[in-house]
Amino acid sequence: MPTYRIRGIDVDFPFEAYDCQLVYMEKVIEALQTRCNALLESPTGTGKTLCLLCATLAWRKSLGAFSTGKFSASQSEEGPSQSQSGRPPTIVYTSRTHSQLRQVVQELRRSSYRPKMVVLGSREQLCIHDEVSLLRGKAQTNACRFLCKKRSKRYCTHFPPVADYVKNNRHIGDEPLDIEDLVNIGKRFGPCPYYVSRELHKVADIVFAPYNYLIDRDNRKSLNLVWENSILIFDEAHNLESICADAASFDLSSGLLTACISEAKSCVDLAIARREESNDKSRNPDDFAILRALLLKLQKRIAQVPIESKELGFTKPGPYIYELLADLNITHETSSKLIDIIEEAAQLLEEDKKQDTKGSGCRLESISNILKTIFRDGNNGHADCYRVHIQEAEENATDIFIGKRSRTLSWWCFNPGIAMQEFSKLGVGSIVLTSGTLSPLDSFAQELKLDFPVRLENPHVISSNQIWAGVVPVGPSGRSFNSSYRNRDSPEYKQELGNAIVNFARIVPDGLLVFFPSYYLLDQCISCWKNMGNASSNTIWERICKFKKPVIEPRQSSLFPLAIEDYLTKLKDTSTSGAVFFAVCRGKVSEGLDFADHAGRAVVITGMPFATRMDPKVHLKREYLDAQALSPREGCKFLTGEDWYNQQASRAVNQAVGRVIRHRHDYGAIIFCDERFAHPNRQSQVSLWIQPHIKCHTKFGDVVFTLTRFFRDGGSHCPAKQEQDDHENMDLSSSAANKSVPEESIKESSSGSTPFSLGLELCGLAEMRFMGGLVKFLLKILIPKRLPSGSKREIKTAQPLDKSNPELIPALDVIDLTDDLLLDSQQRKKQQFASCSMKKCKVPLKLDALQHDASSNDYASDAQRLGPSDLPSTVTSVKHENLQISGARSVLNAKVHLLHKDESRAVEVDAKFPDHKSKGVHSSAEPRDAEEKKGSAFLIQVKEKLSPAEYKEFVGFMKAMKSQAMKIGNVLQSIVGLFSGPERLPLLERFKEYVPAKYQSLYEQYLVTSKDMSNNNQRN
C-alpha cells in the first residue's frame, strides 16, 4: 500500500494516487493543521470519500493512537468534560442519508486505518423490539423511553444487557461496521443496537451520522461529545444551505393546528376520566384546557390577518412573530411552561395509544418544536434573519364547496449560517464541506456566513476523450431552444425538443437521462409528444419508444423505488437500444443516485431550472438578500437576490449532470439544450471540471455528427480498462487500422531472398464474400502498401510523369482484415508467415484498367483529388520471393506505377502471391469485373469525402465487420453516422450494395433516419 508524505504526515492510501487526489488530501490536512474551514469540490469518480477518510485519519493518528480496544464502564456515566478531556479531537463525519453513510463505511474498509468508529442512527433503523420497531417518529421515541423505565411493567428486554455487552466486548467498533451490522449484533446477542451505538460514540475516534445530528439542536445536545477542537465533516454538502435554513424554519398549517387542538381536547378528557375512574391526579386537566384555549386563539388570530394578495400573502419582518404570540400571552417566560405541558400531553396520549402499533405520533409535539425554535437562546436577536408569512390556499374539494379557506403560518429563516455559526461558539476546530457539485463556491460560502480559507475545485481524473459536453442552441429544424416562461408553452418548442430527444435516443447507447426544469414542463412535454403526430407518421413519443423504453420520475416519493427498478429492467431489455429516464432537476433522480457506465451514457438538460419567481419563499429570499447587499458591513460580502437566484439554478444543473461519468473508466455526454448555456456567465457557473470540454454548436447536424462519432469510439475512451482487456477485446481505436507487425525471426530462404511479414493474414475469404467487390478490392489492391520498413527494396526509376495525368493512382490505406486482431500485442509480434519457395514472376498491372471518367464524381481517380502530400514519401519497386500468405485463395501479381512525392518520378512496385491450387497459373491484378471496379471507385470516393481520421475509423469498422467483434447492427449504424451529412449521402446509397441481404432492411432504417436528419439540417 503506497504511503505519501503530505505536509509532514504519512498518509497510507490503498492505491497509486492521482495528482488531483494528492492535492485534495493536501487541502484536507492543511485545514486540519491550521484549524480553519475548508470548502472542497471534487467530481464524483475522483475518490473523494476515500481521500477524505485517509487524510483525516492520518492526521488524527499523528496526534496519538486510536482508541481501539478501549472502553471504561465509568465513561458511560461521566460527562464528556470528565471522561474525554485530554483525548485527541473527535471526528464527526456526516452525510445526507444512511445509504450514503453505508458507502462511506465501505470506503473505510478499503483503507488501512482502523479507528474506533460507530454509525449513529434513529430508532427507526436500529430498534429490534417486536412492537416498538413498527412505530414511527415521536410515537416510537416515546414508546421506547417508556419501555426502558425500570418501573414499567413491559420493560424492554434489549435495554438492560447493553452496558455489560459493551464492557465485555471492547472490540466493538474496532472494525468498520454499519447500521446492518449493529442490528445483527442485537438480534444475535440481545443488546439494543440503538443504545449500543449511543455507548460507543462516547469513546469513538470517528462518528458517522446524518446531517440532522449536527444541525438539529436537540439531536446535537443528545451527543456526549467534546466539541472543543472537534472536526466536523459534511460530505455531499451541496444541499447544506437549504437543509440548515429549513431546519431553522417552520410551517404551521390550518390542518396541523386543528389536529393539535383536537389532541389537546383529548388530553382534557383523558385526564378527567383518570381522576374519576382511578383517582389519578398526576395529570391536571386544567393545564390541557389552557393549552387548547391558546391554540384556539392562535387559530383565530391567524384567520383575522388581512391578506390583500393571494399570490403574495401576508408578510412581516421576523420579530413580528413575538408580537403575534404576545397577544396570546406566549412569551419567553411562559413558553417553557407551555412546552412542559405539551410534553405531558404527549406522554398521556402515548399511554392511551399503547395498543396501537401504527400510531403516527403526537401532533402537539410540533407546537413544542415551533416554540423552541422561536424562543431559543432567551433572546430575539436571530429574528432579523426571518420573515413571518401567512399564505391562504384552498386545501381540498370540501373546503372549496363550503367556501372555507386554509391558512399556513410560516416563519422562514433566510440565513443558513445561523446553524453553522453555532459550531463556532462551541469551539469546533475545523469544518470541512465537500461534494462533487459545490460550484459556485463564493455564493456557497457567503450563504453559510463562514470563512473558508482553504478552497479547492478539483479536475476530473478522466481524459478529454471520455466526455462530450456541448451546448445545443437549436433543434433539428433550426428553432431555438429556450425553456423560459415565454417559450416553454409553445407547441413549436415542445415539438422541436421532442425531435431532438428522438435523435439523442437513437445515437446514445444504453441509458439516457433527460432532466426538465420542473414537473410542470415534464408533464406538458410528454403530453404534447404523445399527441403530436398525423395519420401518416408516428407521434414523437412513439419514435422515442422505438429506440429506448421510457421511464418517468414520479412525484410521489413512495413510487420512486419502483421507477428505478423499472428503469434497470428496461436497460437489460435487448429489444431496444436501452432506456430513457425523464426526470426533474432537484428531484430524486438528480440527487445522489449512481448512473455509472451503461446506466447513464448521456444526460440532457432541457433548460435552466429557475425557481418560480413569484413563489413567496423565493420572492422573500431575494428581498432579504437585496436588503443585506444594500447595507454591507465592513469585511463582509453579500449576495444579491438575483445572483442567488441564478446560482441556485446553476447548482441544480451541476447536480443533474453529475449523474454521468461516475468513475475513472466511465464515459458519457452532457447535452445542454438551451441557448442560454452558450453565454459565458452561464458556463462560468458550471462545475470547473466540465468547463474546458464545453463546445457551442450552431447547427444541430454538427451535434449529431460529433455525438455519433463520440459514442462510436466508446471502446477507446478508457485507456486503462482497454489495456486490461486487450487480451479479450479487439482494438477498435483509429490507430489500430494502420498498425504494422514488427518482424521477428527472419530467415534466409534457399534462393537468397529475404521473406517478410506483412502483418496481414488472408484467411476465410469465403466469410468475407458478403462484402462483395469492396473486400476483394481491399485485399487485392491495397496489400502492396503494407510492406514493412525492414524488407529489402529494389528501386527502379521510371520516366518522369506529368502530375496532372489522371492515370496515376496513389496507394490507399490498408484495411487490415485479419484474424490476428484478437491477439494481444505480444502475440502479434510473434506472428509470422511460413515461407515457401516460388519463382519470381512479374506481371504488370495495366493502369488503363483502373482509369475512370474524370467527369464522373463517382469514378474520378484519387490522383485528381489528392495533392502531393497524400502520396507516399518513398518510391520503390519491391522484389520479394518465397512469400506464403496463409489462407490465400488467389494470386495477385501487380506492378503499380506510383508518383514520387518529391521528384515526380514513377516507379514500379511488384507484388506476387501464390495460388496453392495451381502454382503455375498466375492471374492479373486488374479489376476486370464490374464488382471490383465498383469497389475501387467506392473506396476512392470514401477517401475523398472523409478526413484521414474518419477514414481510419471506417477502417476500424471494416475490421469489426470481418472479425464479428461488433454486432452487425452497431457497425451499420456507426457507418451511417460516419457517412451522415448532405455531401456524404451518396456514400450511404452506395454502401448499401455491400450490405448482406438479410441486413438490408435494418440498414434501410438507419438510412431513412439519416436522410431525415440531413433534410432538416438543409432547411436550417
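Leaving aside its neighbours within four places in sequence, which residues is Met420 in contact with?

Author: Before the answer, a word on what is shown: this is a predicted model, in which local features need pLDDT of at least 70 and side-chain atom pairs count only at pLDDT 80 or more, while totals for chains, interfaces and linings use all residues. Residues are numbered from 1 along each chain as its sequence is written, and side-chain values use heavy atoms, with hydrogens and water left out.

Once neighbours within four places in sequence are set aside, Met420 is in contact (heavy atoms within 4.5 Å) with Phe234, Leu240, Cys244, Ile431, Leu433, Leu448 and Leu450. Met420 belongs to the largest nonpolar core, which has 97 residues, and together with Phe208, Phe234, Leu240 and Leu433 it touches the most other members. Such a core is a set of buried Ala, Val, Leu, Ile, Met, Phe, Trp, Tyr and Cys residues joined through side-chain atoms within 4.5 Å; buried means under 20% relative accessible area, exposed over 50%, and partly exposed in between, with a 1.4 Å probe and protein chains only. The element that gives the most to this core is helix 2 (residues 48–62), with nine residues; helices (H or I, at least four residues) and strands (E, at least two) are DSSP runs, numbered from the N terminus. Apart from this core lies another, of 61 residues, among them Leu325, Ala346, Ile390 and Val618. In soluble globular proteins, nonpolar side chains tend to be buried together.

Between Leu448 and Leu450, two of the contacts of Met420, comes Lys449, which is found in the loop between helix 20 (441–448) and strand 13 (454–457). Most residues other than glycine have a negative phi. Lys449 counts as partly exposed because its relative accessibility is 26%. Asp510, in strand 15 (residues 510–516), also has a positive phi, of about 60 degrees, although it is not a glycine, and at 27% relative accessibility Asp510 counts as partly exposed.

In helix 23 (residues 540–547) the buried residues are Ile540, Trp541, Ile544 and Phe547. Seen down the axis of helix 23, they fall within an arc of 125 degrees, so they line one face of the helix; the arc is that of the directions from the helix axis to the C-beta atoms. These residues pack against helix 21 (491–507), helix 22 (519–531), strand 16 (549–552) and strand 17 (578–584).

Tyr213, in helix 10 (residues 212–215), counts as buried at 6% relative accessibility, and its side chain reaches the backbone oxygen of Gly121 at 2.9 Å. Arg682, in helix 27 (residues 680–683), is buried yet has no salt bridge, and the nearest side chain of opposite charge, that of Glu642, is 6.2 Å away. Here Lys and Arg count as positive and Asp and Glu as negative, while His and the chain ends are not counted; a salt bridge is a side-chain nitrogen of Lys or Arg within 4 Å of a carboxyl oxygen of Asp or Glu. The side chain of Arg682 does make a polar contact with the side chain of Asn646, at 2.8 Å. A polar contact is a pair of N or O atoms within 3.5 Å; within protein, one must be able to donate a hydrogen and the other to accept it, and residues adjacent in sequence count only if both atoms are side-chain atoms.

Asp205 counts as buried at 1% relative accessibility, whereas Arg87 is partly exposed, with a relative accessible area of 24%.
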